[in-house]
Each structure stands twice: as C-alpha cells, then as structure tokens.
Amino acid sequence: MIRFDRVRKAWPAPDGGQVVALDGVDLHVEVGQIVALIGPSGCGKTTTLKCINRLVEPDSGRVEVGGVDISTMEATALRRRIGWVIQKGGLFPHMTVAQNIGLLPKLVGGTDPARVDELLELVRLSPRHFRDRYPSELSGGQAQRVGVARALVQDPEILLMDEPFGALDPVTRRQLHVEFKGLLERVAKTVVLVTHDMAEAFAMADRVVFLEAGRVVQDGTPEELRAAPATAEVASFLEAL
C-alpha cells in the first residue's frame, strides 16, 4: 500500500547549511498493516508521515501509494484517500461533534447524518449524548475518539496518526491503546502511527520501525525488537517498557 524508496528530505539551517530530516529512507507498509514509527525527537518520524500525504515533498527518492508515485497524483485527490488523526483530535472548537465529523463530506457534496451516528457508535460514543456537544465539553479521550471518527468519515484506505494519544494521562492512554487496536483491526485500514512511546508502539502495531537521525535502523515485529535491539538507542527505549 505504501512504499518509500531512498527518500531524502533536508531543511535549510540557520548557518546556511542543511538539517537532514530523512536520509535515504526505505520503507514498505502492506495493505491492512498497522506500522508504528518511533525514535528520539528530531529523528524524522513526522516528516516521514507527512511525505505520505504530500504535506512534505521529498528532495529525492520516491513515495508510492497503491503502486503509484504520489508525485504524479493531484494532492487533494490523494488526501481524500487518507485519514489524518493528530494529538487532541484537532477539532474545531466552534463546531459540534457532528459538524466536526461531517465537515469533509459537506465540503465535497453533503453530510449523511446516519454516517455521523454510525461512526460515533463505532468509536463508542452515544450519538444521542455526544453529537450536539462542543469540543470544550469533551474529555481528552472523548475528543480523540471524535478525531478518529472524523478521519474515517470518507472511508479512507490509509489512516495516518501523529502522536494521537500524547496529550492524555497514562491510564486513559492504556485504555485507548487496547480499544483502538481492536477498532483499527475491525475497520481494516492500513495505518501508520507516529509515537515516542515504545509501549504504545508495541500495544498497537504489527510492525515497529525505529528511526535515528533520519534513517531506519530497525524494522520488525515487537517481539523481534525486544529480542535483539539493533542499536543502543533502541535498547534505551525498550528499557522504558
């Protein structure tokens, strides 16, 4: 479903040089997999994620979705195939829950109230109790559920999640790890998750991709990383489990 071939991205540095965010990244994500990107701050996790929906354009290399080079695709059309979930849900505060979920369909032709209710049920929020609430009336976990419902409203093939549980307390995070792992398996999406938390990566992902300084240093199942960490940095993250 998703393939990176020697993708490089650098940003201008204040001294006139460059800061390399991605340094020849090779990566593949199969249809239906949940893959977690993890590593220290500044290692290139979010840049990798944003290359998938063309919020960031690589300097060189190739990114494919469904076997097609995305640089040949119209960006808006590509993004309609991809759901996007960010920290705290990214909800518009002046809109109700139903309006937030139905915003994208409204922009492209109309909102089906039944679809909104269906998604609220899917993320375990009662439509009767939540559809007319505003984001300020939601807990952090409830807001994140609404953010996921909004990302799923157009039935995308791919779901990108950028630190989706980072702002939540540890107890709520653990509860949502289990809940959303089950949800993602039921909706059968291809998922790429960015996290800085190895426990979160292990709880939710089929594969864990560890990045250091813009390079993939280990790619494997949670069991493979636990059995044989490839670098000292991977080992230090495992110690926090």
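Predicted model: local features only at pLDDT ≥ 70, side-chain atom pairs only at ≥ 80, totals over all residues.

Residues are numbered from 1 along each chain as its sequence is written, and side-chain values use heavy atoms, with hydrogens and water left out.

A nonpolar core is here a set of buried Ala, Val, Leu, Ile, Met, Phe, Trp, Tyr and Cys residues joined through side-chain atoms within 4.5 Å, where buried means under 20% relative accessible area, exposed over 50% and partly exposed in between (1.4 Å probe, protein chains only). The largest such core holds 44 residues, and those that touch the most other members are Ile101, Val148, Leu159, Met161, Met198 and Val208. Its largest share, six residues, is supplied by helix 7 (residues 140–152); helices (H or I, at least four residues) and strands (E, at least two) are DSSP runs numbered from the N terminus. A second, separate core of 26 residues has Cys43, Ile52, Leu78 and Ile82 among its members.

Helix 7 also packs against helix 8 (residues 170–187), with axes that come within 11 Å and cross at roughly 20°. Axes are lines fitted to C-alpha atoms, for helices over the stretch in contact, and angles run from 0 to 180 degrees between N-to-C directions. Helix 7 is therefore roughly parallel to helix 8, a description that applies to angles under 35 degrees. On the helix 7 side, Gly141, Gln144, Arg145, Val148 and Leu152 meet Thr172, Leu176, Glu179, Phe180, Leu183 and Val187 of helix 8, contact meaning heavy atoms within 4.5 Å.

Which residues of helix 1 are buried? They are Lys45, Thr47, Thr48, Leu49, Cys51 and Ile52, so that six of the eight residues in this helix (residues 45–52) are buried. Just after helix 1, Arg54 takes a positive phi of about 65°.

Most residues other than glycine have a negative phi, which sets the background for two further cases. Arg6, in strand 1 (residues 2–12), has a positive phi near 50°, and this residue is exposed, with a relative accessible area of 57%. Ala188, in the loop between helix 8 and strand 8 (190–194), has a positive phi of about 55° and is likewise exposed, its relative accessible area being 59%.

Terms used
Parallel < 35°, antiparallel > 145°, perpendicular 65-115°, else oblique.
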